[in-house]
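Subject: Structure handover

Hi,

The structure you asked about is below. My notes on its helices follow.

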Amino acid sequence: WEFNGSFYQPSAFLMMGIPGLEALHHWISIPFCALYLTALLGNCLILFIIKKTQSLHEPMYYFLSMLAVTDLGLVLCTLPTTLGIFWFNMRRIEFDACLTQMYFIHILSFIESSVLLAMAFDRFIAISHPLRYPSILTKTTVIKIGLAIILRGMVSLLPIPFLLKRLTYCRKTELSHSFCFHPDIMNLACADIKVNVFYGMIILLSTVGMDFIFIVLSYILIIKTVISLATKEECLKALNTCVSHICAVLVFFIPMIGLSMIHRFGKNVPPLVNSLVAYTYLIIPPALNPIIYSIKSSHIREALLRALRRK
């Protein structure tokens, strides 16, 4: 411990695997390795297919590429510490390294939320204004949207590490997960954390919260447009292009909202439930998204089959 008057700051934190199941960590690592491998290979394959297939050079697939890159970033952020605990019981993480991991996990989560919103906007334009779709979502517009998404995440979360560094911490240094999460670190402080709580809630509501609201509004407008279509076949065809995106939205937002609620209000929630929700939030979406889009998108599926035949 470093001491400076009454100011205490730990040199490191201790991460936790799955509470109560420490003896089974080596066996538990097997499904985790499978999920990480699926996420890494699946998202890399999506990026490869989109890059090599000229017909997929469209706004919808550019946004899918952004989602795949974000998912790869999330996987690479948590994989070293999670498997380090399961395989080697390496629980210690330096204070600054923990803040760095936390910053990138939250940035990538916010970016994923924004990308899902951009994909909802893409589907709305494609269904509601099909003739104007190419002129509205040009390649330049997509690049600008991507840069705005990254800048929004970086700027909004920039104060978080500094707000955590100013706090005085108690002697308890054990985190609740095998990765660093802002509410988890914040709750170890002995100082007044009202600023951290207030800023965290404001940022969460103004970014992820607003993204979710606008995604819902986009689908309300899409449904209104679809209902106005002449035939049932046209309605089903239009809605079918949205199924994979709806699945990706649900897979991402449900665990994220659950984890945020647990950290802020679930004081009596069992640690095992807390841990499982956290892993679901950070590992399941990157693993499932490539599978969802490969199954539901005929263009991705056909391009994948062509690539396999060439091999």
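Helix α11 covers residues 271-296, 26 residues in total. From first C-alpha to last, α11 reaches 36 Å, close to the 38 Å expected at 1.5 Å a residue (expected span: 1.5 Å times one less than the number of residues). Helices here are DSSP runs of H or I with at least four residues, numbered from the N terminus. α11 bends by about 40° at I284. A proline, P285, follows within four residues. The bend is the angle between axes fitted to the seven residues ending at a residue and the seven starting there.

A word on provenance. This is a predicted model, with residues numbered from 1 along each chain as its sequence is written. Local features need pLDDT of at least 70, side-chain atom pairs count only at pLDDT 80 or more, totals for chains, interfaces and linings use all residues, and side-chain values use heavy atoms, with hydrogens and water left out.

Now the packing. The axes of α10 and α11 come within 9 Å and cross at roughly 175°. Axes are lines fitted to C-alpha atoms over the stretch in contact, and angles run from 0 to 180 degrees between N-to-C directions. α10 and α11 are therefore roughly antiparallel (over 145 degrees). Their contact has 17 nonpolar, seven polar and one charged residues. Nonpolar means Ala, Val, Leu, Ile, Met, Phe, Trp, Tyr, Cys and Pro; charged means Asp, Glu, Lys and Arg; the others, Gly among them, are polar.

α10 (residues 243-265) also packs with α8 (residues 194-227). The angle is about 150°, with the axes 12 Å apart. So α8 and α10 are roughly antiparallel too. Their crossing is left-handed (the near helix is turned anticlockwise from the far one by less than a right angle). On the α8 side, the residues that meet α10 include M201, L204 and F212. On the α10 side, I246, V249 and F253 are among them. Contact means heavy atoms within 4.5 Å.

Last pair: α1 (residues 25-52) and α2 (residues 59-88). Their axes come within 9 Å and cross at roughly 155°. The crossing is left-handed. The contact residues divide into 22 nonpolar, seven polar and one charged.

Best wishes

Notes:
Helices (H or I, at least four residues) and strands (E, at least two) are DSSP runs, numbered from the N terminus. Angles under 35 degrees count as roughly parallel, over 145 as roughly antiparallel, 65 to 115 as roughly perpendicular and the rest as oblique.
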